[in-house]
Amino acid sequence: MSAEKTVQKQEGASPAKKPGFTTGQWIGTIVGVLIMFGSGFIIPAWSAVTPMGVSMIGVFIGLLVLITVTNNLVWTSLLAIFAIVALGYSPGNATVASSLGNSTVFQCILLFMICFGMRKTGMGEVLAKKVVSAKFMQGRPFVFTWVLLAVFMLADTLLGATAGTLLAYTIFDSIKDVLGFQKKDRYVQAMKMGLYLCGIMGAALMPFQAMPLAITGAFTAAIAPYGFGFNAGLYIVGSLIVGMVFVLAYALLIKFVFGCDMSRLQKFDPNEIEALKKIDSHFSAGQIIYLLAFLIGIAYSFVTLFIPQDNAFYAWFGPISQGVWFVITIVAVSLIRIEGKPLLDTRAAMKEGVDWGIILAVAAFVVIGGALSNQDLGIQAWLTELLSPVFADMPFPLFMLVIIAVTTVITNFFSNMATGIIVSSVAMPFIAVYCGAGADATIIAAAISVSANCAFLTYAAAGPAPIMLGNEDMESRFVWTRGPLTIVAYVIVATVVFSVLAMVL
């Protein structure tokens, strides 16, 4: 089964809706537009917030309402950009330059192209087959469970949440049938929920997929005025460590807490799985080249971590930026020919691989994030005044517990992208204080991004959620009894590991 043949869903939006607006959607759209354009005229300024600050809050909330109600990122984001200009926050040319011309947006476009090419090669599927077929897993139910979840979390960093979950379900359904598991068996449900979580969270472990790009882009824009930046290399290290520890914790829940019978797995033979037979056993030349090119691409973030800024090489290398460095990757794989065809078809990548809805959303939120953090508008001063009694003198690990727990709970009832952006914006004044005391901003960004993608309890949590919740093997009773335990396990793992990493890295 090829990941490219699966239906690609927008990973940060609500479930797909039927064509045409319902009455409720029309009402929601009108409300969203009124909030976006009318807040500054209807709501008086308060505390330190200026009238323009009220307008920008209205644009922010109005955009979130419109995205949630309409499930459309394109016209809603464009309308928000227009509102920023029309309400007088910044001139048109300056707004376009700071939105579509932002380096984060440029990087998003390039990374969509690279990930499109990697998916076309089927690299993630080969990786999944290699690990699932490993002999050390056979006859060891717990090891099989743990490794299967881990490998799909890794593979889904390339495949994405939707394609990765569908591939994982296809392979696991074959395993289920061969071993004689019945529908809605407790172990089957535990694995279906776990494989989905590996898909949605795995796609967040690399800051190059759509959802983490949107969240970290907004985070970067909000923290920039405080003098802190974002490093993709640190993000990858931190999120991968947390992801792998969580997978181990979830496998332990399956074995010791969920009450699953895993004895059938002692008879597992990967040679009997039809879905695996359709996948190549070895990496192709194109896949190897892509892997090397991708590693060279992300190496920029790691190299800049270890080169002293007063070094002569850094003076040339540092200003290139991660986004522009990926230009080299795209040019290289575009020039390389496999069987007479370019390894990356740039026209197809731009047409089919780039999610322009996400690009425009990132562009809009970059400008909005800058506005919300603009000291002249008074929003950050008001938030600091409002939340200081809660966060004042709070130890950093406790602060991380609150941020991670709040993000994880909210994201299960609300859009994961919106959740990550809201938490980043509201908590930014306090995040900046902890960063000033030595905590790493990138690791905190990773904590918010990954937590926002621990989204599975409801259909509204994330675009791919219906794949798991609507699966014939799943029961809502299982999701709502084992799901909260899973959330608690994640919050504990994420709080401990992210807190340590933020102070060490």
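Modeller: Two packed helices are described by the angle between their axes and the distance between the axes. Here, the axes of helix H20 (residues 416-436) and helix H21 (residues 441-452) come within 10 Å and cross at roughly 155 degrees. That makes H20 roughly antiparallel to H21 (angles over 145 degrees count as such). Axes are lines fitted to C-alpha atoms, for helices over the stretch in contact, and angles run from 0 to 180 degrees between N-to-C directions. Helices are DSSP runs of H or I with at least four residues, and strands are runs of E with at least two.

Colleague: Which residues of H20 and H21 make the contact?

Modeller: Contact means heavy atoms within 4.5 Å. H20 brings Asn-416, Gly-420, Val-423, Ser-424, Ile-431 and Cys-435, and H21 brings Ala-441, Ile-444, Ile-448 and Ala-452.

Colleague: What about the numbering and the model?

Modeller: Residues are numbered from 1 along each chain as its sequence is written. The model is predicted, local features need pLDDT of at least 70, side-chain atom pairs count only at pLDDT 80 or more, totals for chains, interfaces and linings use all residues, and side-chain values use heavy atoms, without hydrogens and water.

Colleague: Where is Ser-47 found?

Modeller: Ser-47 is in the loop between helix H1 (23-42) and helix H2 (51-70). Its phi is near 45 degrees, a positive value in a residue other than glycine.

Colleague: Is Glu-339 buried or exposed?

Modeller: Glu-339 counts as exposed, at 82% relative accessibility (exposed means over 50% relative accessible area, with a 1.4 Å probe and protein chains only). Glu-339 lies in the loop between strand S1 (337-338) and strand S2 (341-342). Phi of Glu-339 is near 55 degrees, a positive value in a residue other than glycine.

How values were computed: Parallel < 35°, antiparallel > 145°, perpendicular 65-115°, else oblique. Buried < 20%, exposed > 50% of the residue type's maximum accessible area, 1.4 Å probe, protein only.
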